[in-house]
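Please describe the architecture of the model shown below, taking the helix packing, the sheet and the nonpolar cores in turn.

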Amino acid sequence: MWEKDININEVREIRTRTNVYFGCGAINKIQDIAHKFKTKGLDKVIVMSGKNAYKATGAWDIVEKALKLNNIEYINYDKVTPNPTTTAVNEAAKLAIDFGAKAVIAIGGGSPTDAGKSVAILLKYPDKTANDIYEFNFSPQEAAPIVAINLTHGTGTETNRFAVVTIPEKDYKPAIAYDCIYPTYAIDDPALMVKLSPKQTRYVSIDAVNHVVEACTSTVASPYTVTLAREVIELVAKYLPKAIENPEDLEARYFLAYAALLGGVCFDNGLLHYTHALEHPLSAVKHELSHGLGLAILLPAVVKNIYPVKSETLKYILEPIAGKIDSAEAAENGVYEWLKSVGVPSKLRDEGFSETDIPKLVNLAFTTPSLDGLLSIAPTKATKEAVEEIYRNSL
């Protein structure tokens with residue numbers, strides 16, 4: 001296969017709207033980025049992270065050294081949690097504004113990066129709050145420069161204009177999409193990803209699969225998104241089992257990270273629909289639910305729903321994981337069998353949901369700001385009955 005011709009230890013620059021440094025050792029490019037920041041007068045930054053991963057991976061030692069060598073002052077907000085909240089974003093933004101931060105460096109998976117994108121907006125709009133952003137009280141046109149140092153191979157947020165933050169008091173988990181929050185630079189270094197837990201290894205790559213399934217079947221899909229989708233699913237099908245078997249397999253991490261990057265570009269072009277619109281209420285209600293796990297639970301039922309109108313596309317892109325399929329039921333079963341084969345057989349009941357939760361979930365899917373936009377580009381008509389059926393089939 002072509003992958004054998006790739007030297008995973010050579011760092012390459014991949015240009016999208018974001019300049020991505022990609023490959024084992026890419027974290028060392030933070031020195032070049034810090035130097036560029038300093039020459040542009042960006043001499044104060046806020047670092048957004050969770051409590052542990054940014055240090056445990058070794059990323060922080062290299063980032064801190066680069067900042068100090070370039071005389072860039074920094075302040076660290078290390079309280080970002082999975083499914084980050086507007087409360088945390090507001091707290092971090094106040095810290096950044098009071099400090100005089102001029103840029104944001106996010107170190108982690110999707111949560112620190114999405115929270116960092118939100119803080120980058122508020123640095124330019126200090127009179128606004130995260131609630132203003134995620135309740136769509138205004139449309140930001142600018143944000144402070146963002147560096148996304150990615151520690152997972154799933155979200156794709158390091159290469160696109162999306163961010164998701166929960167409004168906890170309303171059980172809302174909206175998504176935003178603004179050109180101003182494309183990261184200026186991103187670092188995808190597979191060597192930083194080997195410490196991902198077995199569960200997160202699975203969940204983040206399943207997130208990437210969901211991105212492309214939705215992006216290539218939405219009403220705004222293009223041949224480009226279909227091409228990317230097939231490639232992403234082939235790579236995940238081949239390399240996820242290898243990463244599960246040997247978490248330190250750098251080749252596996254490299255190509256899973258590449259799949260995730262392509263997935264981020266794919267949904268930046270084709271957008272998302274059912275699976276993400278229906279998952280956001282799940283993890284908004286149960287904050288401890290991993291986003292990727294929620295997506296995995298919903299995916300078979302979503303594939304069944306959209307198969308009648310997207311059968312040829314689904315036959316093509318799902319073949320690496322589901323084999324030859326010829327019906328909605330075969331597609332649903334093929335996807336579920338693949339999920340089981342990589343150790344994710346869960347249903348909603350396994351995560352504490354029941355029939356009594358469905359009306360609330362359906363309501364949130366239609367009332368959470370931004371989710372109506374996702375549902376509006378689903379390939380089948382996204383009625384409340386259709387959404388309810390997907391939830392029910394996922395129990």
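## Terms and basis of the model

Axes are lines fitted to C-alpha atoms, for helices over the stretch in contact, and angles run from 0 to 180 degrees between N-to-C directions. Helices (H or I, at least four residues) and strands (E, at least two) are DSSP runs, numbered from the N terminus.

The model is predicted, and local features need pLDDT of at least 70, side-chain atom pairs count only at pLDDT 80 or more, and totals for chains, interfaces and linings use all residues. Residues are numbered from 1 along each chain as its sequence is written, while side-chain values use heavy atoms, with hydrogens and water left out.

## Two helix pairs

Two packed helices are described by the angle between their axes and the distance between the axes. Helix α1 (residues 30-39) packs with helix α3 (residues 59-69) at an angle of about 30 degrees, their axes being 9 Å apart. The crossing of α1 past α3 is right-handed; a crossing is right-handed if the near helix is turned clockwise from the far one by less than a right angle, and left-handed if anticlockwise. On the α1 side the contact (heavy atoms within 4.5 Å) is made by Ile30, Gln31 and Ala34, and on the α3 side by Ile62, Val63, Ala66 and Leu69.

For helix α10 (residues 274-285) and helix α15 (residues 384-393), the packing angle is about 70 degrees and the axes are 11 Å apart. These two helices are therefore roughly perpendicular to each other, a term that covers angles of 65 to 115 degrees, whereas those under 35 count as roughly parallel, those over 145 as roughly antiparallel and the rest as oblique. The crossing of α10 past α15 is right-handed, and in it Tyr274, Leu278, Pro281 and Leu282 of α10 meet Ala386, Val387, Ile390 and Tyr391 of α15.

## The seven-stranded sheet

Seven strands form an open sheet in the order β1-β2-β9-β6-β5-β3-β4, with mixed pairing; two strands pair if DSSP finds at least two bridges between them. At the edges stand β1 (12-15) and β4 (73-77), each with a single partner strand, so one side of each has no neighbour in the sheet. On average, and with direction ignored, neighbouring strands are turned by 20 degrees against each other. Helix α4 (residues 86-99) packs on this sheet, where it touches β3 (44-49) and β4, and its direction makes about 165 degrees with that of β4.

Strand β9 (residues 185-188) pairs in the parallel sense with β2 (residues 19-22) over four bridges, and Val20 stands opposite Ala186 of β9. With β6 (residues 146-150), β9 also pairs in the parallel sense over four bridges, and Asn150 has Asp188 as its bridge partner in β9. Tyr185 and Ile187 point one way from β9 while Ala186 and Asp188 point the other way, and all are buried, meaning under 20% relative accessible area, with exposed standing for over 50% and partly exposed for the range in between (1.4 Å probe, protein chains only).

## Ile107 in strand β5

Strand β5 runs parallel to β6, to which five bridges join it, and Ile107 stands opposite Ile149 of β6. Ile107, which lies in β5 (residues 103-108), counts as buried because its relative accessibility is 1%. Its contacts, leaving aside neighbours within four places in sequence, include Val47, Met48, Tyr54, Trp60, Val63 and Leu151. The C-alpha atoms of Ile107 and Trp60 are separated by 8.1 Å, although the two residues are 47 residues apart along the chain.

## Nonpolar cores

A nonpolar core is a set of buried Ala, Val, Leu, Ile, Met, Phe, Trp, Tyr and Cys residues joined through side-chain atoms within 4.5 Å. The largest has 84 residues, and those with the most contacts inside it are Val213, Tyr274, Leu278, Ile317, Leu318, Trp338 and Tyr391. Helix α11 (residues 291-322) contributes the largest share of this core, 15 residues. Apart from this core lies another of 36 residues, among them Tyr77, Ala92, Ala106 and Tyr172.

Not counting residues up to four places away in sequence, Ile317 touches Val213, Cys216, Val226, Ala229, Arg230 and Ile233.

## Positive phi in two loops

Most residues other than glycine have a negative phi. Phe136, in the loop between α6 (130-134) and β6, has a positive phi of about 60 degrees although it is not a glycine, and Phe136 is partly exposed, with a relative accessible area of 35%. Asp171, in the loop between β7 (162-164) and β8 (175-177), has a positive phi near 55 degrees, and at 19% relative accessibility Asp171 counts as buried.
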